[in-house]
Amino acid sequence: MKQRAQRLAALPPYPFARWGSLVEATRQQGLDLIRLDVGNPDLPPPAEVIETLCNSAQRPDRHGYPSYRGLPVLRQAVASYYQRRFNVALDPETQVLPLLGSKEGIVNMALAYLDPGDLALVPELGYAPYAMGAALAGADVHTFPLPAEHGYLPDLDAIPADVAGRATLLWLNYPNNPTGATADLEFLARAVAFARRDGLLLCHDAPYSEVTYDGYQAPSALQVEGALEVTVEFHSLSKTANMAGWRVGMAVGNAEAIAALAQVKSNIDSGIFAPIQEAAARALALSPQWIEARNKIYQERLDIICAGLQAARMPAQRPRAALYAWAHVPAGWRSEDFARQLLERTGVVLAPGPFFGPGGEGYARLSVTAPTERVRVAMERLREFAAHTAPPR
Ligand SMILES: Cc1ncc(COP(=O)(O)O)c(C=O)c1O
């Protein structure tokens with residue numbers, strides 16, 4: 001058989017896929033696992049969303065190929081959500097595109113805008129598909145730091161002018177995975193101004209904007225004046241409405257970029273199952289009370305995690321948003337060694353910081369998506385482990 005395509009050589013194995021095999025092997029040894037490594041919501045979507053899916057699936061006319069651009073009912077629901085939540089007016093015809101989960105749109109956006117030799121600006125610490133999309137497109141990546149001492153916000157002006165001038169895409173993600181950091185409108189306005197100055201497309205990935213704590217409300221980059229000229233925002237029902245397995249999200253913003261993404265997608269996929277689109281439209285009309293009640297459950301788990309981290313001497317800042325605590329591993333440990341030993345000895349699974357980029361060494365990410373009582377057990381095991389296990393020499 002002939003060799004695989006060269007582009008796969010530029011694509012390291014997805015870190016969570018490799019880690020998942022190790023976790024599975026540990027499970028087979030009979031250990032009681034508690035998975036705090038992945039941001040996979042354990043709670044169900046609202047009952048009315050499931051009911052919409054079921055009712056729609058009963059109809060004989062809902063099983064054919066859906067339209068490439070998404071059902072009008074979903075595009076309109078997205079526009080209404082942006083109007084209601086951010087006071088941003090979007091044209092559902094040209095500025096909204098449903099996605100098979102936002103990961104798909106993120107990678108396909110790279111195919112829409114990057115040729116071999118082009119450049120994407122990507123945070124040094126973050127969601128892997130920003131860089132992987134560029135790698136699939138044969139493009140280059142310039143990473144910029146997210147310094148902890150600046151609240152994990154980049155200093156965009158520190159990106160060399162020749163690098164910024166060569167780049168096509170700028171990726172940002174707030175509320176942030178893995179750090180839980182948030183960005184205010186002032187920072188987003190600086191990012192939009194930067195994109196305008198250098199003729200870049202700002203891609204703001206915002207799947208956690210409805211997962212917030214202590215009354216915090218995350219802004220949209222599209223609230224910045226003039227943002228629609230240079231910005232696309234990605235959003236997901238995975239975290240907003242506990243629908244990760246349904247694979248539905250959306251890209252919104254600059255009409256030209258939305259058209260380019262739609263062109264790529266029409267050659268790759270054939271749309272989203274209509275009942276899922278109708279249910280997603282229902283989910284976007286969710287009451288703020290539902291979201292608040294769900295976030296309260298996460299908040300309680302976060303309290304348990306933060307107290308447990310303190311007891312284990314793993315400093316972490318309490319986040320205002322997203323599904324994660326971002327903690328230092330105890331002194332003397334490399335992140336992956338710590339996470340592996342913790343897994344093998346206690347069954348507690350954390351995500352090693354370097355899975356999110358080289359800037360993650362020395363950290364681990366803990367997710368709030370396990371049942372509250374299991375989170376409690378996990379933190380007790382973590383405390384015991386940290387108290388009694390010395391780092392390797
Ligand atoms: C920052 C970020 N963006 C995008 C995604 C993808 O979400 P989905 O493809 O489920 O919409 C995730 C998932 O964890 C994420 O953390």
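Guide: Happy to, and please keep in mind that this is a predicted model. Let's begin with strand 8, where both faces are covered: Gly-249, Ala-251 and Gly-253 are buried on one side, and Met-250 and Val-252 are buried on the other. Strand 8 spans residues 249-253, and since 5 of its 5 residues are buried, the rest of the structure largely encloses it. Buried here means a relative accessible area under 20%.

What pairs with this strand? Strand 2, residues 96-99, runs antiparallel to strand 8 and is joined to it by 4 bridges. Strand 7, residues 231-236, is also an antiparallel partner of strand 8, with 5 bridges between them.

Now for the open spaces. The largest pocket holds about 550 Å³. Its lining counts 26 residues, and those nearest the centre are Tyr-14, Gly-39, Lys-103, Tyr-127 and Lys-239. Helix 1 (15-28), helix 4 (102-113) and helix 8 (237-240) are the elements that give two or more residues to this lining.

Of the 21 residues that line the second largest pocket, Glu-210, Gln-217, Pro-288, Ile-291 and Glu-292 lie nearest its centre. At least two lining residues each come from helix 3 (72-86), helix 10 (274-284) and helix 11 (288-311), and helix 11 supplies the largest share, 6 residues. By class, this lining divides into 8 nonpolar, 7 polar and 6 charged residues.

The structure has 1 cavity of 30 Å³ or more, and the largest cavity holds about 50 Å³. Its lining includes Pro-98, which brings us back to strand 2, residues 96-99, the antiparallel partner of strand 8. Also among the residues lining the largest cavity are Ser-67, Tyr-68, Arg-69, Lys-265, Asp-269 and Gln-277. Sorted by class, the cavity lining has 3 nonpolar, 4 polar and 3 charged residues.

How values were computed: Residues numbered from 1 in each chain as written. Predicted model: local features only at pLDDT ≥ 70, side-chain atom pairs only at ≥ 80, totals over all residues. Heavy atoms only, no water. Buried < 20%, exposed > 50% of the residue type's maximum accessible area, 1.4 Å probe, protein only. Pairing = 2+ DSSP bridges. 1 Å grid on protein atoms, 1.4 Å probe; cavity = no way out; pocket = protein on both sides within 12 Å on 5 of 7 lines; lining within 4 Å. Points joined across faces, edges and corners; volume = space filled by probe spheres on them. Nonpolar A, V, L, I, M, F, W, Y, C, P; charged D, E, K, R; others polar.
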